[in-house]
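This report covers a sheet and a cavity.

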Amino acid sequence: MSVPHPAVEDLVSALPELAGLVRAAVLLRPEPGAPGVLDSSVGGPLLWPAAEPWPLCREAHVVEVREKVSDEDRAALERVDRAVRERRRARPERAYETTAEEAAVVRRVMNGAGSLDRISWETVRTALDTSGPGVPMVPLLQLRRAQAPAADWPDGADLLQVLWCPNDHSDLPHQSAYHGPAVEIRHRAASDVRPEDVLAAPPRPHRADDAYLPTPCVLAPLPVADLPDQDGLPAKLAERARRWAEEHGAAYRRELSCLPGWKLGGWPGRHLTGGEPLDCGSCATRLRLLLTVPSSNDGPDLSVGRFGELRLFSCPEDGRHPVRLTLQ
């Protein structure tokens, strides 16, 4: 990832009204590697005490339920398909019309299922599964304070660890309108964990979506300054910032503001849904962006949402309050 150009500091010098909106951020810049337990990493091993229980996800997981379509029902669906194709050939404007009888056949066979696999001829529906002893979480991020000194760290902590359950969930506590991995955050003092006491072989999940199993990566953290999206600025100031960026060969959005990629802190982008501010469910304090987890086909090779971004928001007043998760 290239360093933002021109520098945010130059823009703020030209437009001092932006000074109070600058947030410190760290672009993590993961690259495939072989991190150790002492290293900052994405998807690498954690400095985790063997005596401390490994986090288990006991929330309901979204699973696929498949049911074979009978030969009789398959034949009925194929008759409907033939009738639709014949109408399409005769009158293209009626390509997607079905008769009441045909629609009734489809409703009966699907029986509320969300889709039909026409290779295996199985209906596919989603359900919430709470069976089993709990799914071991997998490491998502480990970051040392020395590489992100400007971030908010609890007293005595110099290591941030983020784990997630590599399965989809749709009914997590403290979340709303969210469909994705469950997340757990730990802060600790690295000096409290002696090398001989590190957990050597964390438990592995018995069920996991491959899209949520990161390729181990080393990090090259880069501290940066980040500004809010122009849609969050007063109209006149947003226009002045946009013009200044263009005059200096840059785009305000995603080059000087809401910087993309793996990012600690900074501002969240508003490129899909507008990103309404979030308040802490425990104390009503306005939450701040803690971490951005993007989808990509390289590096950690993850996909969240519809190949979007997962954002973790934390309470600046008390880091023990539940985080909020959003997908963009």
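Strands are DSSP runs of E of at least two residues, numbered from the N terminus, and two strands pair if DSSP finds at least two bridges between them. The model is predicted: local features need pLDDT of at least 70, side-chain atom pairs count only at pLDDT 80 or more, and totals for chains, interfaces and linings use all residues. Residues are numbered from 1 along each chain as its sequence is written, and side-chain values use heavy atoms, with hydrogens and water left out.

An open sheet is formed by six strands, ordered β13-β1-β14-β15-β16-β17, with antiparallel pairing. β13 and β17 stand at the edges with a single partner strand each, so one side of each has no neighbour in the sheet. β1 and β13 pair in the antiparallel sense over five bridges. Within this pairing, valine 26 stands opposite proline 223 in β13.

The structure holds one cavity of 30 Å³ or more. A cavity is a set of points on a 1 Å grid over the protein atoms alone where a 1.4 Å probe fits but cannot get out; lining residues have an atom within 4 Å of a point. Volume is the space filled by probe spheres set on the points, which are joined across faces, edges and corners. The largest cavity has about 40 Å³ of space. Its lining includes Arg254, Trp267, Leu289 and Glu309. β15 and β16 are the elements that give two or more residues to this lining.

| Class in the lining of the largest cavity | Residues |
|---|---|
| Nonpolar (Ala, Val, Leu, Ile, Met, Phe, Trp, Tyr, Cys, Pro) | five residues |
| Polar (the others, Gly among them) | two residues |

How values were computed: Helices (H or I, at least four residues) and strands (E, at least two) are DSSP runs, numbered from the N terminus. On a 1 Å grid over the protein atoms alone, a cavity is a set of points where a 1.4 Å probe fits but cannot get out, and a pocket is an open set with protein on both sides within 12 Å along at least five of seven lines; lining residues have an atom within 4 Å of a point.
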